[in-house]
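Biologist: Could you take me through this model before I set anything up? I would like to begin with the ligand and then move on to the metals.

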Amino acid sequence: MSNVTIKTLKEVEALRVASQMAAETLLCVGEMIRAGLTTDDLNTFVHEDTLKRGGIPAPLNYHGFPKSVCTSVNEVVCHGIPGSRVLEPGDIVNVDVTTIYNGFFGDTSATFYIGTPSPEARHVTEVSRRSLELGIAQVREGARLGDIGAAIQEFAEGEGCSVVRAFVGHGIGRKFHEPPQVSHVGKRNDGMRLKAGMCFTIEPMINIGGPDVEVLADKWTAITADRSLSAQFEHALVVTRSGCEVLTRRTRRLAHSELFPSPFSLAAS
Ligand code: MF3
Ligand code: CO
Ligand code: CO
């Protein structure tokens, strides 16, 4: 029994439009982000940019979330609440943009470098970026959810990092979060079989230390239990017979994130 919906072509087109709006806003974040800004400045920018495009920022008031974007700095794993924290040289910050347009949700995030990263910050960020690519590469009709988690877990752990268990990717559509839950750890040939027309996110949170998280008294901010660095990238996609379409794919290079030739991609070797 599965309550995972198969989207119609019209629904996929609506998701594509909302996803591209979120992707464009994230690209624009890359062009404005810099040391000296507060995370609240990022919130103001994302809020205004989303409205300017005719969208609605999904995080605002979602189950009581007080801001329009999640900003997760250094040891913050996810769901960081924008505020007075000033971005400093050496920080890494995930900005997670979700846009509602015409009733459909577009959800995508990236980790940005503020100034020059430490070797550890660069490593966890590049492992996280590559983990998402490897997870996406598993997706096609007939593959299983466990193939995605296994690809991510094998790579990230092989690079000396750990994979967060407490938060998962999710189906997306007219709801922000719907079935299936997409774990970023798993076993090959295990779990639900993918079908063309399923739409979901993959959003691995990768830690340089251990995988455990704590949620702060604000009930949202998740940090690494050992206070080690954490990085995340997120895309939304639709499963096809031969692979997938990344609905939130970017149309240009992401500034302040795609700084280096990837140490992991075959294309760079
Ligand atoms: N964008 C997050 C995700 O990828 C969810 C944020 S929920 C919020 O699923 F309320 F914190 F915005
Ligand atoms: Co998501
Ligand atoms: Co998100």
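Modeller: A residue counts as near a molecule if one of its heavy atoms lies within 4 Å of it. Bear in mind that this is a predicted model. In that sense 14 residues surround ligand 1, and the closest are Asp 96, His 170, His 177, Glu 203 and Glu 234.

Biologist: Which side chains have an N or O atom facing a nitrogen atom of ligand 1, and at what distance?

Modeller: The side chain of Asp 96 places an N or O atom 3.0 Å from a nitrogen atom of ligand 1, while for the side chain of Thr 98 the corresponding distance to a nitrogen atom is 3.4 Å. An oxygen atom of ligand 1 is 2.8 Å from an N or O atom in the side chain of Glu 203. Taken alone, ligand 1 exposes 340 Å², of which the protein buries 97%.

Biologist: OK, metals now. What coordinates the cobalt ion (ligand 2)?

Modeller: Asp 107 (OD), His 170 (NE2), Glu 203 (OE) and Glu 234 (OE) coordinate the cobalt ion (ligand 2), at 2.0 to 2.3 Å. The site has six donor atoms with angles of 51 to 160° among them, and it is classed as irregular.

Biologist: And which residue bridges the two cobalt ions, ligand 2 and ligand 3?

Modeller: Asp 107 does, and the two ions lie 3.3 Å apart. Asp 107 in strand β5 (residues 104-113) and His 170 in strand β7 (residues 169-171) are 63 residues apart, so the pair links distant parts of the chain.

Biologist: Are those two buried or exposed?

Modeller: Asp 107 is buried, and His 170 is buried too.

Biologist: What does β7 pair with?

Modeller: β7 pairs with strand β8 (residues 178-182) in the antiparallel sense, over three bridges, and a hairpin of six residues joins β7 to β8. Gly 169 stands opposite Val 182 in β8.

Terms used:
Residues are numbered from 1 along each chain as its sequence is written. Chains are lettered from A and ligands numbered from 1 in the order in which they are written. This is a predicted model: local features need pLDDT of at least 70, side-chain atom pairs count only at pLDDT 80 or more; totals for chains, interfaces and linings use all residues. Side-chain values use heavy atoms; hydrogens and water are left out. Donors are N, O and S atoms within 2.8 Å of the metal (3.2 Å for Na, K and Ca); water is not among the atoms, so sites may look incomplete. Four donors count as tetrahedral if all angles lie between 85 and 135 degrees; four count as square planar and six as octahedral if opposite donors are over 155 degrees apart and all others between 65 and 115; anything else is irregular. Helices (H or I, at least four residues) and strands (E, at least two) are DSSP runs, numbered from the N terminus. Buried means under 20% relative accessible area, exposed over 50%, partly exposed in between (1.4 Å probe, protein chains only). Two strands pair if DSSP finds at least two bridges between them. A polar contact is a pair of N or O atoms within 3.5 Å; within protein, one must be able to donate a hydrogen and the other to accept it, and residues adjacent in sequence count only if both atoms are side-chain atoms. Accessible areas come from the Shrake-Rupley method with a 1.4 Å probe; for residues, only the protein chains shown count as cover.
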